[in-house]
Amino acid sequence: MICDILVIGAGPAGLSAASYAARAGYNTLAIDSLAPGGQLLYIDEIENYPGQESTSGYALAESFEKQATSFGVKIEFWGAESIEKDGDGFVVKTTGEEVKAKAVIFAAGARHRHLGCPGEEEYQGKGVSYCATCDGPFFKGRRIAVVGGGDTALTDALYLSKLGSEVHIIHRRTEFRGQKVLQDRVMAKENISLHLGLTVERINGNGKGVTSVTLSDGKELECDAVFIFVGIIPNSELLEGFAELDRGFVVTDSSMRTSVPGLFAAGDVRTTSFRQVVTAAGDGAAAAHQADEYIQTL
């Protein structure tokens, strides 16, 4: 198959990029081994996407897909297996057909690192979350547990302490890995309690939502939500040895350009300090614009 712009990944970044590319008149193909929507499909409710009142992640993903296809984007449920330079363009082998494209936008996203304990998957979206700004406001005045000890865990614990009645930070080490200034702020918060040198062995619930967590010392800590911040894993394996990566994240400039001319990256898979649906969509738009400019030079 031949196209102008190939988008790898059909989450918010990928579908935004594909929409902008197709609307600009390019023959655009988006591929994803799963259903369009990416991480959106795992979010029960979203209320901070501009222009949208409270909606489900599934509904928002459906809107992204519908808009993209209305502009002429073709979506295939293929996984990308390899990528090579072909003159000024690219050849990408997929689980479907081999694709030749003038430019590639890599928007494969990232996955949250999970604890792997019983109850985590069962209560995902029902009290188990990996995004404080997404889900924190749903737990105003409630008891919140935060798992992790890095910058993200401490920053988001501080954010959640403004919403929840009490916040419990659970960290497997006896010392935090986060910045000293963040540690000091956490220590100064009256409604934050620390549970160091402990791990979460089980997340308990009543079928409708989280009710407590069982810690490695055998104690049960009552809570209404568990926010897990133990890292994310970028889905960048395809680009290993092909483009510049930093701890697995694709290195880009502010225009989404990677170290390989004609290859752009957008969304959670790239090096960025803030990962939200709205920032992913913005990345996708910027990547499509730069792909347009690149193709114009060929």
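Figure 1. Leu41 counts as partly exposed, because its relative accessibility is 32%. The model shown here, as in every view below, is predicted. Leu41 sits in the loop between β2 (28-31) and α2 (57-70). Leu41 belongs to a nonpolar patch on the surface, together with Leu34, Tyr42 and Tyr58. The accessible area of these four residues together is about 440 Å².

**Figure 2. The disulfide of Cys131 and Cys134.** The sulfur atoms of Cys131 and Cys134 are 2.2 Å apart and form a disulfide. A disulfide is a covalent bond between the sulfur atoms of two cysteines. Searching the whole structure gives one disulfide. About the S-S bond of Cys131 and Cys134 the torsion is about 70 degrees, so this disulfide is right-handed. Cys131 is buried, and Cys134 is buried too.

**Figure 3. Cys117 and Cys223, two cysteines without a bond between them.** The closest cysteine sulfur to that of Cys117 is in Cys223, 11 Å away, and this is too far for a bond. A disulfide here needs sulfur atoms within 2.5 Å. Cys223 is in no disulfide, and its nearest cysteine sulfur is that of Cys117. Cys117 counts as buried because its relative accessibility is 11%. Cys223 also counts as buried, with a relative accessibility of 0%.

**Figure 4. The salt bridge of Lys74 and Glu76.** Side chains of opposite charge can pair when their charged atoms come close. Ten salt bridges turn up in a search of the whole structure. In this view, Lys74 forms a salt bridge with Glu76. Their closest N and O atoms are 3.5 Å apart. The cut-off for such a pair is 4 Å. Lys74 has 41% relative accessibility, so this residue counts as partly exposed.

**Figure 5. Arg143 and Glu222 across two strands.** The side chains of Arg143 and Glu222 meet in a salt bridge, at 2.9 Å from N to O. Arg143 lies in strand β9 (residues 143-147) and Glu222 in strand β14 (residues 220-222), so the pair ties together parts that are 79 residues apart in sequence. How accessible are the two partners, Glu222 and Arg143? Glu222 is exposed because its relative accessible area is 51%. Arg143 counts as partly exposed, at 24% relative accessibility.

Figure 6. Asp224 is buried, with a relative accessible area of 13%. Through shared partners, salt bridges join Arg142, Arg143, Glu222 and Asp224 into one network.

**Figure 7. The buried residues of helix α4.** Helix α4 spans residues 151-161. Which of the residues of α4 are buried? They are Ala153, Leu154, Asp156, Ala157, Leu158, Leu160 and Ser161.

Notes. Residues are numbered from 1 along each chain as its sequence is written. This is a predicted model: local features need pLDDT of at least 70, side-chain atom pairs count only at pLDDT 80 or more; totals for chains, interfaces and linings use all residues. Side-chain values use heavy atoms; hydrogens and water are left out. Patches are made of residues with over 30% relative accessible area and no salt bridge: like charges are joined within 9 Å, nonpolar side chains (Val, Leu, Ile, Met, Phe, Trp, Tyr) within 5 Å. Accessible areas come from the Shrake-Rupley method with a 1.4 Å probe; for residues, only the protein chains shown count as cover. Helices (H or I, at least four residues) and strands (E, at least two) are DSSP runs, numbered from the N terminus. Buried means under 20% relative accessible area, exposed over 50%, partly exposed in between (1.4 Å probe, protein chains only).
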